[in-house]
Amino acid sequence: MIVLVGFMGAGKSTVGRLFAEAVRLPFTDSDEMVAERAGLSISEIFSGSGEGLFRILERDAILEALDRGEGVLALGGGALADPGTRAALTGHTAVYLKASLRDAMARVGTDLDRPMLAMDPEGLYRDRTHLYEAVADRTIDTDILTPEEVVERLIDLVVIDLAKAEVHRVVVDTAGGRYEVQVGRGLKDDLAARLPELPGAEKAFVVTHPNLAALAEGPLRSLDEAGFEADVAFVPEGEASKSLDVAGALYDWLARSHAHRADLLVGVGGGVVCDLTGFVASTYARGLPVALVPTSLLAQVDAGVGGKTGVNLPHGKNLVGTFHQPCAVVCDVDVLAGLPVAELRSGMAEVAKYGFIAEPGLLPLLEENARSILAGDPDLLLAIVGRSVEIKANIVAADEREQGVRAHLNYGHTFAHAIEQVAGLGVDGDEDARRAAPPPGVRHGEAVALGMMSAAYLSAELGRLDAGAVETHRRVLDAVGLPVKASLGVDELEPAWQLDKKYRQGVRFVLLNEIGVPEAGVEAPREAVARALERMS
Ligand SMILES: NC(=O)c1ccc[n+]([C@@H]2O[C@H](COP(=O)([O-])OP(=O)(O)OC[C@H]3O[C@@H](n4cnc5c(N)ncnc54)[C@H](O)[C@@H]3O)[C@@H](O)[C@H]2O)c1
């Protein structure tokens, strides 16, 4: 729980409410809770029963709120006078919103429901300041800041700092399996210690690319030292490896090595390796456990989490696949140091997507820190990977098989997949093969950025999104170096939509009704799609 403490007038309730909204957490105000439970205003409780009883009611309310788990809680200015309340804050993140007495008094004005105002404010301020300082994990000086600016500081302090915890563990709880995604630094080299118990597992089969051999060494050594008979297979780099041919070669390897159903497959690589290894693990011998060590940003925040596996057919991407949850996912952000910056940018598209569909508070974090993120700042990477994994884990837990909210993760992707297909045309070679494996003219994340921009324009065309929200898309995507303009037409994209496995009686889009409020399965008139695409040029 994130707990805001500070003197009356420091802005705990206003800021708390805005912050909770931005990070999509429930908000509780202890004063409101006490008044609601008693059916009386704070002043009425004070005048009727005195401060002593009020503090008891307040402590009970606070303990109950802290018990609820994740959320933002604003404490009344005098709550810390109670030793029980102070002790209960252990293990929670307390942020002191500091205001000078003059500013605090100016903000409070003559609020009639503040009985403590009748006392000596200077003395109170002096006595309470040391209590706030004693419990605070972080302090924000609010004097010269607007509430929105305090919220931005809070996002920086709390979201980033929480991610610095040694290993950030996110549980993904689905009918298909319950497992941990561990996010941290230097985690891959003791992979074996990060796995759940695997009864009967004797062998471990690691799949990676030749260019990632050095990254796979640590996990291999760790498996070997833990007693696994560990072996490695290298698959060619690139989307072409997501094929039945490459899957077939891996089946041969497993058969030759006498793999049995309790043995473990491990994918060390980007989304291509994760999708392929997961697919082979789910189909060989009717299913082996798989652990993933995603090494690209895109795979850490998206492809490695959620259990979708697949390979491509010449007719289209991911046409053969399964749902097969991994037994563990280890996101070691240190490996991102070697990732080409273009791949880092590509992954940022999926991070921005989480901001657009679920957590608007991520967007200012990305926009303001884009340069440092792209330069590989590990604290920022920890923060964005950790939060993205949490968001994806919540969505997957609510809808593992994409029958409802999981479809929101496809925001921008209807356009993006078609853009990827179109990018494949105009290159020599067999057209079907190009469909399945578009050349690297446009990276997945770049296509997703263009797709989200198109979806934002289409949402605006249909009266769902205002111009400011469309501009937010443009600014954030542009800040992280992703494309926001392209010359696209419906005639070009339509054939690709007809090949899409989600195409039923026509193309349907995930659109936004406002930032953070997506809606899936929206039909759009062809003219509106055409106008949206025109605005992209
Ligand atoms: N299953 C899902 O839910 C899901 C979600 C999103 C995307 N995907 C799939 O993911 C794939 C795209 O993933 P991607 O963008 O990671 O592509 P990728 O796997 O091809 O990796 C991109 C490039 O980065 C290199 N690389 C990866 N990690 C590296 C590191 N640490 N250092 C240096 N180089 C590194 C790879 O060798 C490759 O050349 C697509 O096939 C897409 O369909 C799947």
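A salt bridge here is a side-chain nitrogen of Lys or Arg sitting within 4 Å of a carboxyl oxygen of Asp or Glu. Side chains of opposite charge can pair when their charged atoms come close. By this rule, the predicted model turns up 31 salt bridges. One of them joins Asp82 and Arg59, with N to O at 3.2 Å. This pair ties together distant parts of the chain, 23 residues apart: Asp82 sits in the loop between strand S3 (72–74) and helix H4 (83–88), while Arg59 belongs to helix H3 (residues 42–67). Helices (H or I, at least four residues) and strands (E, at least two) are DSSP runs, numbered from the N terminus.

A word on the ground rules. Because this is a predicted model, local features need pLDDT of at least 70 and side-chain atom pairs count only at pLDDT 80 or more, whereas totals for chains, interfaces and linings use all residues. Residues are numbered from 1 along each chain as its sequence is written, and side-chain values use heavy atoms, with hydrogens and water left out.

The protein splits into domain 1 (2–163), domain 2 (167–339) and domain 3 (399–534), with bounds from an automatic or database domain assignment. Between domain 2 and domain 3, the C-alpha centres are 28 Å apart. Their contact (heavy atoms within 4.5 Å) draws 19 residues from domain 2 and 14 residues from domain 3. About 1400 Å² is buried between these two domains, and carbon and sulfur atoms give 53% of that; buried area is the accessible area (1.4 Å probe) that two parts lose on being put together, summed over both.

What holds charges together across this interface? The count there is one salt bridge, and Lys308 and Glu402 meet in a salt bridge at 2.5 Å, N to O. Five residue pairs, both at pLDDT 80 or more, are also in polar contact across it; that means N or O atoms within 3.5 Å, where within protein one must be able to donate a hydrogen and the other to accept it, and residues adjacent in sequence count only if both atoms are side-chain atoms. On the domain 2 side, strands S12 (308–313) and S13 (316–323) each supply at least two residues, with S13 giving the most, five.

Then there's the ligand. Polar side-chain atoms lie 3.2 Å from a ligand oxygen for Asn211, 2.8 Å for Lys242 and 2.6 Å for Ser296.
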